[in-house]
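Subject: A structure for you to look through

Dear colleague,

After it comes an account of what was found.

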Amino acid sequence: MKIRKGDEVVVIAGKDKGATGKVLRVLPREDRVVVEGVNLITKNIKADQQRAGKESGRVTVEAPLHVSNVALAEDGKPVRVGYRINEDGTKVRISRRSGKEI
C-alpha cells in the first residue's frame with residue numbers, strides 16, 4: 001500500500017470529493033484508510049459497565065475509505081506515488097509529479 005499513517009491525502013471520489021486530511025489509520029487487509037475529518041458517520045453509543053464514566057448518546061466518528069478513493073496530496077493537489085532505490089540501498093517514495101522524495 002502506497003499510503004501510510006500520517007500522510008496528507010486528498011479524496012478523489014465519493015461524497016467528500018476534494019476534501020483533504022491526515023491519515024489516522026491504515027487497514028491494509030481491507031485496503032482502507034481512515035482520514036481525519038472525512039467520511040463522518042454518527043454512531044449511537046449505549047452506556048454500560050465497561051464505559052463507566054462516559055456518557056451514552058450520539059458520537060460522530062470517521063469511517064474508513066477505500067484506498068483507491070484517496071491520493072497523496074502535494075500542494076493540495078493529488079499526486080501519484082513511485083519508488084526509487086537510493087545509493088545506500090534504501091527504498092523511498094517519490095512524487096510522480098515533481099520527483100521529490102515524500
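**Strands and how they pair**

Strand 1 (residues 8–11) and strand 2 (residues 20–27) run antiparallel and are paired over 3 bridges. Two terms need their rules here: strands (E, at least two residues) and helices (H or I, at least four) are DSSP runs numbered from the N terminus, and two strands pair if DSSP finds at least two bridges between them. Before going further, please keep in mind that this is a predicted model, in which local features need pLDDT of at least 70 and side-chain atom pairs count only at pLDDT 80 or more, while totals for chains, interfaces and linings use all residues. Residues are numbered from 1 along each chain as its sequence is written, and side-chain values use heavy atoms, with hydrogens and water left out.

Another antiparallel pairing is that of strand 9 (81–85) with strand 10 (residues 91–95), where 5 bridges join the strands. In this pairing, the bridge partner of Y83 is R93 in strand 10.

**Turns and positive phi values**

Most residues other than glycine have a negative phi. Which residue takes a positive phi in the hairpin of strand 2 and strand 3? It is D31, with a value near 55°, in a hairpin that has 4 residues between the strands. The hairpin of strand 9 and strand 10 has 5 residues between the strands, and there G89 takes a positive phi near 95°.

N39, which is found in the loop between strand 3 and strand 4, has a positive phi near 60°. N39 counts as buried, at 13% relative accessibility, where buried means under 20% relative accessible area, exposed means over 50%, and partly exposed is in between (1.4 Å probe, protein chains only). D75 has a positive phi near 60° and lies in the loop between strand 7 (70–74) and strand 8, but D75 is exposed, with a relative accessible area of 73%.

**Charges**

How many salt bridges are counted in this model? The count comes to 1 salt bridge, under the rule that a side-chain nitrogen of Lys or Arg lies within 4 Å of a carboxyl oxygen of Asp or Glu. The side chains of R93 and D7 form this salt bridge, at 2.8 Å from N to O. R93 lies in strand 10 and D7 in the segment before strand 1, so the pair ties together parts that are 86 residues apart in sequence. Both R93 and D7 are buried.

On the surface, K2, R4, R80, K91 and R96 gather in a patch of positive charge, where a patch is made of residues with over 30% relative accessible area and no salt bridge, and like charges are joined within 9 Å.

**Residues apart in sequence**

M1 lies in the segment before strand 1 and is partly exposed, with a relative accessible area of 41%. P28, in the loop between strand 2 and strand 3, is exposed at 53% relative accessibility. P28 and M1 are 27 residues apart in sequence, and their C-alpha atoms are 6.9 Å apart in space. For M1 and V26, the separation is 25 residues in sequence and 9.1 Å from C-alpha to C-alpha.

I45, in strand 4 (residues 40–45), is partly exposed at 22% relative accessibility. I45 and S56 are 11 residues apart in sequence, with 5.1 Å between their C-alpha atoms.

Technical notes. Patch = residues over 30% accessible without salt bridge, like charges linked within 9 Å, V, L, I, M, F, W, Y side chains within 5 Å. Areas by Shrake-Rupley, 256 points an atom, 1.4 Å probe, with all protein chains shown as cover. Lys, Arg positive; Asp, Glu negative; His and termini not counted. Charge placed at Lys NZ, Arg CZ, Asp CG, Glu CD.
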